[in-house]
Amino acid sequence: MVMTRGKLAATTQRSDLRAVSEPILTRRGSQSSSSSSSSSSSSDEDQVTLNNTPIEHRRLRHRQKGHVHFTSYTSQSSSDISSSTTACTPTKFSSTISLSTLAQPIIASYDTLRSYASNRGIHLAPLNIPLERRLQTLCVLVWGTQLFWTQLFFWFLLYISWVTRVLCILYLGYIFLAKTEGKAPTGSHWWRSLGFWDYFRDYFPIEMKIEEPLDPDKSYLFGSHPHGILSFGVCCNFGTETNMQRYLPRMRIAPGTLETNFRVPFLRELLLLSGFVSVSRQSALRVLTASKRQSSKEGYPPANGKGHGRSIVLVVGGAKESLWAYPNSMKLVLKKRLGFIKIAMEAGVPLVPVLHFGENDLYDQAPAKPGSLTDKFQHLLRNTVGFTVPVFWGRGVFQYSFGLMPNRRRITTVVGTPVDTQAFTAAKGWESAVGRRVSDEEARQVQDVYIDKLREMYRKWREELGYWDMEEELCIVE
């Protein structure tokens, strides 16, 4: 039989160890009748030598995982064996391994996966993203999915016990019977000033430009354009204090939203905390005239250092304008929108045009052909519930190719020069519109001036802000 070199070496080592152990055991037996002092020293010496048995060598081999160096003891004396045991003592290895060493194969595998996915059109997010950017993504994700998790929490309360079930039923009755239409805003300054909104703003980021300083002791009606998919510019700039404290100090501005949003459990409370009001004519007039009623009361103090003025911002194009929210465009639904102009004239407040550059760049949208099934469904949904759902997509949380998260695109909100409705009425020689119904013809003439302001703002700020990919002219589609 042919024996391999490794087996031959192992056999030789076992023979050497047996040759060493036999004389040691014989010597131990012959020294058992000697004096106690010599027995003690002999016993210590033999105990050391016995530690070099094949069993101990196998333990050392397992302990040091193959790094044991055996020594041949065939021609060594007892004292030589005793001294050589020090060389066979296993060294103490450190069990601490750096995290970077452990992470290296994971990073290499993920880089390979990113390269593979990129070749197939899917761009995965890198692993070394700063914590601040992760928090920004988290805040936008929480805000964008608030309709989902508020309803999930509501159904959870319905499920857990009969007590919470009864409370939820009572709460449903309250929100359907409570009147939010015609009420003044009840926003919480604490809620609007949370650090959460700073991360939300910096995700895009969102900034403001003011053409002319506004008086915080006066009321204004802000017309916001365009609607976009989810109106991030309006919600951040006017629904929180994150930009208002810097660009519009002491202003009190209430954003408007659909009345149906105040019928959704728990979402209603979040909207009220942010100071949202219904977009109805009654609510808008109540907000705009609130400063006149309250300032006439003796000792009326401005809240949180704010001025006496009460303003409202309305997204004029509404849900219909979201169907025109294509990247690098500014298409507005404005021709038939005369209601907000009549409200401003009846309340005697200036109209302030507002443009959000970059709002339409946050999502891509699939165009719906006129008369197609998608087009019919969108119009049916808008006529039934007041809003519609365009076919859109953005990015995901851990990849940048598809998903419902908005893309990281800069949004610049430009607040234009106010259009003084009272001065315009006086210049035309008309009767003061305050407190009376305004005709469509009067509103259209004010609308023409308002649209001219929008076009002028678009041309000016498109160049100054560097939105060269956008269309050269603002387009009024409807």
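Buried means under 20% relative accessible area, exposed over 50%, and partly exposed in between (1.4 Å probe, protein chains only). This is a predicted model, in which local features need pLDDT of at least 70 and side-chain atom pairs count only at pLDDT 80 or more, while totals for chains, interfaces and linings use all residues. Residues are numbered from 1 along each chain as its sequence is written, and side-chain values use heavy atoms, with hydrogens and water left out.

**View 1. Salt bridge between R268 and E269.** The closest N and O atoms of R268 and E269 are 3.0 Å apart; a salt bridge is a side-chain nitrogen of Lys or Arg within 4 Å of a carboxyl oxygen of Asp or Glu. R268 is buried, at 5% relative accessible area, whereas E269 is partly exposed at 27%.

**View 2. Salt bridge between E259 and R263.** The N to O distance between these two side chains is 3.0 Å. R263 has a relative accessibility of 23% and so counts as partly exposed.

**View 3. Salt bridge between E471 and K331.** The closest N and O atoms of this pair lie 2.8 Å apart. The pair links distant parts of the chain, 140 residues apart: E471 is in the loop between α19 (440-465) and β11 (475-476), and K331 is in strand β6 (residues 331-332). Helices (H or I, at least four residues) and strands (E, at least two) are DSSP runs, numbered from the N terminus. K331 is buried, with 17% relative accessible area, while E471 is partly exposed at 29%.

**View 4. Network of D198, R201 and D202.** Salt bridges with shared partners join these three residues into one network. In the whole structure, the search finds twelve salt bridges.
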